[in-house]
Amino acid sequence: MLYEKIIALYPSLTSQDFMTVIQLQNDSDGKGDYIAKWEHPTLPRPTDEELA
Amino acid sequence: MACIINASTSAGLVQTADLSGVLQFQQNGVALPNGGVAPAFSAYPSGTQAISNATFTKLQFNTELFDTNSNYDNATNYRFTPTVAGYYQCNLTVNTQTSTTTTLIAIYKNGSSYLSGLQLPLSTFQVGSMSALIFMNGSTDYIEAYFYGSATTINSGSGGNQFSACLVRGA
């Protein structure tokens, strides 16, 4: 799952981060979870390779 | 023809009568869809739905209790796109299996969160309800229901889950 992969990359992220500067979304269209917003002030958005 | 009640921006209220026995409502000479009957729908999930951890997930409410104007898509996008412009009372109630954390339910308008509410944890299940009064333009505007929280499962059935809306005032 996407959340678990991101947490493995960045263990310092908090639940608050995922409700403010990061938003994961699933539109129930068969395409799965994706990053809808990544506005973290210090951590870069993970690449597709890192999330594979 | 028809007996017509027309709300005109130039002439005010205009009434035209004939012997057809048909009544039509118009705004500036344009007939309101469905004879002016206000669109309303209510839907619920017939099966359970798994939710990923910390992920806003669109709710698949795939069974209609009613859909007066065929404006709710219960098969593909699970969205309400009313064809009459105006202000809609929108309601969402969600029931999930037990989780230890408080979660969010949200009504999205045009792909972005419009309003969210809390879903409180109880001993054997969680339930949350919210409502919002939302303006819809009658053509492209749409609403959807989303859930956010720890990984869990949305329960099935209309007893604890409903997504509904109805027109309360025209544009």
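Predicted model: local features only at pLDDT ≥ 70, side-chain atom pairs only at ≥ 80, totals over all residues.
The contact between the two chains involves 13 residues of chain A and 14 residues of chain B. The size of an interface is often given as the accessible area lost when the parts come together. For chain A and chain B, the area buried between them is about 1100 Å², of which 49% lies on carbon and sulfur atoms. Of the area that chain A buries against chain B, 37% is supplied by A:Tyr3, A:Met19 and A:Ser28, more than by any other three residues. The elements giving two or more residues to the side of chain A that touches chain B are α1 (2-9) and β1 (22-26) of that chain, and the largest share, four residues, comes from β1(A). By residue class, this side of chain A divides into five nonpolar, five polar and three charged residues. Across the interface of chain A and chain B, the rule finds zero salt bridges, whereas 10 residue pairs are found in polar contact, both residues of each pair being at pLDDT 80 or more.

Within chain A, A:Trp38 belongs to strand β2, which spans residues 34-38. A:Trp38 is classed as buried because its relative accessible area is 13%, under the 20% cut-off. Leaving aside residues up to four places away in sequence, the residues that A:Trp38 touches include A:Ile6, A:Tyr10, A:Leu13, A:Val21 and A:Ile22, as well as A:Leu43, A:Pro44, A:Arg45 and A:Pro46. With A:Leu43 there is also a polar approach, in which the backbone oxygen of A:Leu43 lies 2.9 Å from a polar atom of the A:Trp38 side chain. The C-alpha atoms of A:Trp38 and A:Leu9, which are 29 residues apart along the chain, are separated by 14 Å.

In chain B, strand β1 (residues 3-8) pairs with two strands of that chain, namely β3 and β2. With β3(B), residues 23-27, the pairing is parallel over five bridges, and B:Leu23 is the bridge partner of B:Cys3. With β2(B), residues 12-16, the strands run antiparallel and are joined by five bridges, B:Thr16 being the bridge partner of B:Ile4; three residues lie between β1(B) and β2(B) in the hairpin that they form. In a regular strand the side chains alternate between the two faces of the sheet. In β1(B), the covered face carries B:Ile4, B:Asn6 and B:Ser8, while B:Cys3, B:Ile5 and B:Ala7 make up the uncovered one.

Methods:
Residues numbered from 1 in each chain as written. Chains lettered and ligands numbered in written order. Heavy atoms only, no water. Contact = heavy atoms within 4.5 Å. Buried area = accessible area lost by both parts, 1.4 Å probe. Salt bridge = Lys/Arg side-chain N within 4 Å of Asp/Glu carboxyl O. Polar contact = N/O pair within 3.5 Å; in protein donor to acceptor, adjacent residues only side chain to side chain. Nonpolar A, V, L, I, M, F, W, Y, C, P; charged D, E, K, R; others polar. Buried < 20%, exposed > 50% of the residue type's maximum accessible area, 1.4 Å probe, protein only. Pairing = 2+ DSSP bridges.
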